[in-house]
Amino acid sequence: MPLGGVGALAAQEEPPRISGRVVDRDTGAGVEGAEIVLAPLREVAADSARVERVTDGVGLFQFERAGPGAYALTVTHIAYGTFEERLTLAPGERLALRVTLSPTAIALDPVVVEVVSRDQRSARALGTARRRVTSEQLAPIARTGNHLANALAQLMPGVRVRSGRSQPGQLVCLEFRGVVSFAQPGCLTPIVIVDNVRQSNGLVTLNTLPIDEIQSVEAVPPGEAGVRYGADSNAGVILIETRSGGAPAGGTRDATAGLYNWALESRPYPWAKALAAASAANAVGLLAGYALSSRCLNFESLADHFYEAECASLVNAGSRLALYGAPQVGVGFVVARIGGTDLSHGSMWRNAVANAIVSAPGVVLALTTEEDGFSGSRGLGIVMATVGAPAAAVLADRLFRRVRSK
């Protein structure tokens, strides 16, 4: 295939329907600024149309919704040239793609180029002004906890917050400047469309949608909106694209049933390195816990361990916490660091919990004798505490991850 590395991967339960990552073949690093075009080869749905995206800083792109049928996926980058591949979507299918490119520098004669962005070209063709803000522009306002309506009023000259008070939690009126209506008194709220879905109450959406979930916002003035969206858009239109294309808060997820999808990663999970580091951290934690608790706790038998403690109650509790907690915290931290990638990271606490689920019963079994256990219980406990526990932490780090904030 001319576009190496493109493949249909396991179906996913969350939007977007098509997600992907463009990476360099030699380094595995994400390719930023590649233009991705998804064009239907034939009419696949009533609202099907050519859609364009640009990869972000780690090479990610996504198309929120696409009807079933055949598509041409084109990737263009100044350092890699232009490549095309055909995709076929079955009804209900969702794809994750990995596009691997080889650098092919394009030699250009020295020229002076005036670049006009896609938005500027579209605006010139329409003959009207278009206003768009991105997540980077919204980020400083998001940290203040303010309304999206207030953020748009600050960043877009063509809109305003009409009400005098605009504290978080209050519904404020956002309008385009210069819009007047005698037939519709009160707030002339523009139509609000989030991820191609028209909102039944745009005023509530503008006041309640968290800013940190938003990828971009475009304001379509009333004059242009009437042409594009019909007569009922005489108050203008606000187009909002979220980071997850309709997924819940918390960022983009490439997951099936809550499990992280490694299809977009440049390299596989470092099993050997993570297991070695987890085993070492677990051994150090067990030895440290034993050293800190041996003065107070008895390790001869299970009954003596729990009922024949030799220190005061508070010191005994601290000794047990050191014995049962030190390995978990150490393993959770180390595995999360070792298994991290430029695209995702594991959770220290999830790793620690997975380690504890195996380690704590293992320590208990390791303390049993034939009288209070069963044949082989002590050996099984030692294996669980020293081998099974770090392996469980590594497995949790591999399966349950979060995408890094872009």
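Setting aside neighbours within four places in sequence, A225 touches V220, G230, S233, G236 and V237, where contact means heavy atoms within 4.5 Å. This is a predicted model, in which local features need pLDDT of at least 70, side-chain atom pairs count only at pLDDT 80 or more, and totals for chains, interfaces and linings use all residues. Residues are numbered from 1 along each chain as its sequence is written, and side-chain values use heavy atoms, with hydrogens and water left out.

A225 sits in helix α5, residues 222-229; helices (H or I, at least four residues) and strands (E, at least two) are DSSP runs, numbered from the N terminus. A225 counts as buried because its relative accessibility is 0%; buried means under 20% relative accessible area, with a 1.4 Å probe and protein chains only. P190 is 35 residues from A225 in sequence, and their C-alpha atoms are 9.6 Å apart.

Next, the cores. The largest nonpolar core has 22 residues, and L148, L152, L206, V217, I238 and I240 have the most contacts inside it. Such a core is a set of buried Ala, Val, Leu, Ile, Met, Phe, Trp, Tyr and Cys residues joined through side-chain atoms within 4.5 Å. α3 gives the most to this core, four residues. A second, separate core of 19 residues includes I18, L73, L95 and V99.

Last, the helix pair. The axes of α6 (residues 271-293) and α8 (residues 313-338) come within 8 Å and cross at roughly 160°. Axes are lines fitted to C-alpha atoms, for helices over the stretch in contact, with angles from 0 to 180 degrees between N-to-C directions. α6 and α8 are therefore roughly antiparallel, the term for angles over 145 degrees.

How values were computed: Buried means under 20% relative accessible area, exposed over 50%, partly exposed in between (1.4 Å probe, protein chains only). Angles under 35 degrees count as roughly parallel, over 145 as roughly antiparallel, 65 to 115 as roughly perpendicular and the rest as oblique.
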